Amino acid sequence: MTTKLPYAIDDAQWAQLVAQVGRSFDDVTIKRGFQYFKQDRVHAVTMSEPAFVEAAVDGTEHYDVTLDLLHIDKSECSCPVAGGCKHIIAVLLYYAAKQERSIPAIVNARAAAAVSGRPSAAAAKGKALPARPAPFEPEELASSRIEAWHERFAATLGTFGHSPRFMQEAKDMLAGINSLKPALTHVGEQLFGLHAYLFTLEKLVKPAQEDWRHSGLFMGYHTQLAMDELLAAALNGLAASLPIASEPAYWPRLKETLAYLRTHMLREDRSLNCFTKLYQAFWMQWIRPNLDGGTELVLDELHELRTAAEALGQHLSYLPWTLAQCLLLFELNRDEDAWTLLRDAAGKQSLQPLQVAPLFEALIKAKAWARLVSWLEQVGPLLGGFRGDDLTSYGDYWQTALAHIEEAEPRMWTTLAAMLPYSRTLYEENLLTYGKWQQWMDYQLSRGQEPLEFKVGVLKPIEKEAPELLLPFYHQAVERYVLLKNRDSYKAAVKLLKRLNKLYARIKKPERWEQFFSAFIARHSRLRALQEELRRGGLLS
């Protein structure tokens, strides 16, 4: 469930924006911004106007970014660089993701021409490519094992090189594989297309992962981009239903594909999350809909996972292994067992909201609302390592569940409270959405928050619906600012005093304002700087 920003961008505007990035940012800055985006450092994103995006980015400090989509070079950041920085790129990539635009288009804006013009490894060495192997016969694919498919794929590589590092090289590899494809039935076409991506991903990711493990270096910049694009394409293919019942001859190939994905998932570095996503999507989109209520394959796969764990020992990727079992236990309606596994896993590694999203989506599709509420209750407290925008999708699932079971609302509040402080943003937003003004105010007072830390738009609903609740919030903050006794704090105090004046007018008690303000002036009459700021603010004549 993706939460889009309110204003969309059309194709012409997008093309212009990408071109501006290529002109305004160097490749190093784009690369660093991409890393910030991948590390989920962007949060508190708002878009009050079509051409402007405001966000916060966690860098050396907390930086505020204002993105100008019409003139990207005029975008501003509160970091020392002030503009043209990695923080702006990170926010731009976040925006692109929310608009479902191409991330590679931005990150390759400067380097795309050089990358796309790169010659193949064979051409660079002056070697002639060997002749391509003969294409498959249509009946071969259904009767040959997946292992044989991949051996034929490998024969197309010749001296090209077995470890592509750029997207153009990956595309060349895909083109070679697709040259082997005969005219196929619908299911055969889908499986062939999936394995073309899987084979290429394996050649791309495996060497990079080995380098990572031995040297401690992150995957190369362009290799990461290529992996992301290939993974997205493979997942998009899995989103289409697979009518295997109409072509049962492909069932053995389907099971072999499951085994292939399991093998790669269980050895995958947890930071990559590539084959883990593919395994989940394959099971939920292609296997699960074709089970027809049977449990034999589910039980077999559960056995295979547990056997693999014993064989791999300390080399097992524990969290993907746990999540895979949860998919199966979920299918068997053994929710308690699945929750126990998740609790154990969360105690060892961080559990991400998107990793359990397939289960939530399955419950929504089945309209199993009561079960969805129970899963949300159990999973929420396990997401303790994530906050802010990371929990947005989790909050959306709660809204979906409550739309069908309104009486479950108290369970949501109990769960979100148990997730504090990590659920702070989600908790606060929900309190405002549900009009729980008193609880929101009590929470802010308990945290020692300052009114000026909030954008005016956040407080406006309370000023309109329950203005009296803001009075102690503003009064206490004014006194704290005055006690600091410096020019900036006096300016902040005056800003809040002006809001207080309006609040008393809103609740039609101007006499209380006059009484308070007179006492305030008398009490602080010796603070000349404060008196000056009050005059500048129009509160004193």
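Predicted model: local features only at pLDDT ≥ 70, side-chain atom pairs only at ≥ 80, totals over all residues.
**View 1. Helices α21 and α22 pack against each other at an angle of about 145°.** To find the contact, look in α21 for Arg-424, Tyr-427, Glu-428, Leu-431 and Leu-432, which meet residues of α22 including Trp-437, Trp-440 and Tyr-443. The contact residues divide into 6 nonpolar, 2 polar and 3 charged.

**View 2. Helix α27 (residues 528-536) has buried residues and, on the other side, exposed ones.** Leu-530, Gln-531, Glu-533 and Leu-534 are the buried residues. Seen down the axis of α27, they fall within an arc of 160°, so they line one face of the helix. They pack against α24 (470-484), α25 (487-506) and α26 (510-523). Arg-528 and Arg-536 are exposed on the other side of α27. After the helix comes Gly-538, with a positive phi near 80°.

**View 3. Four strands form an open sheet with antiparallel pairing.** Follow the strands in the order β1-β2-β3-β4. The edges belong to β1 (42-49) and β4 (76-77); each has a single partner strand, so one side of each is left without a neighbour in the sheet. Between β3 (residues 62-68) and β4 there are 2 bridges, and Thr-66 stands opposite Glu-76 in β4. Helix α3 (residues 86-98) lies across β1, β2 (52-58), β3 and β4, and runs at about 60° to β3.

How values were computed:
Residues numbered from 1 in each chain as written. Heavy atoms only, no water. Axes fitted to C-alpha atoms, helices over the stretch in contact; angles between N-to-C directions. Contact = heavy atoms within 4.5 Å. Nonpolar A, V, L, I, M, F, W, Y, C, P; charged D, E, K, R; others polar. Buried < 20%, exposed > 50% of the residue type's maximum accessible area, 1.4 Å probe, protein only. Arc of directions from axis to C-beta. Pairing = 2+ DSSP bridges.
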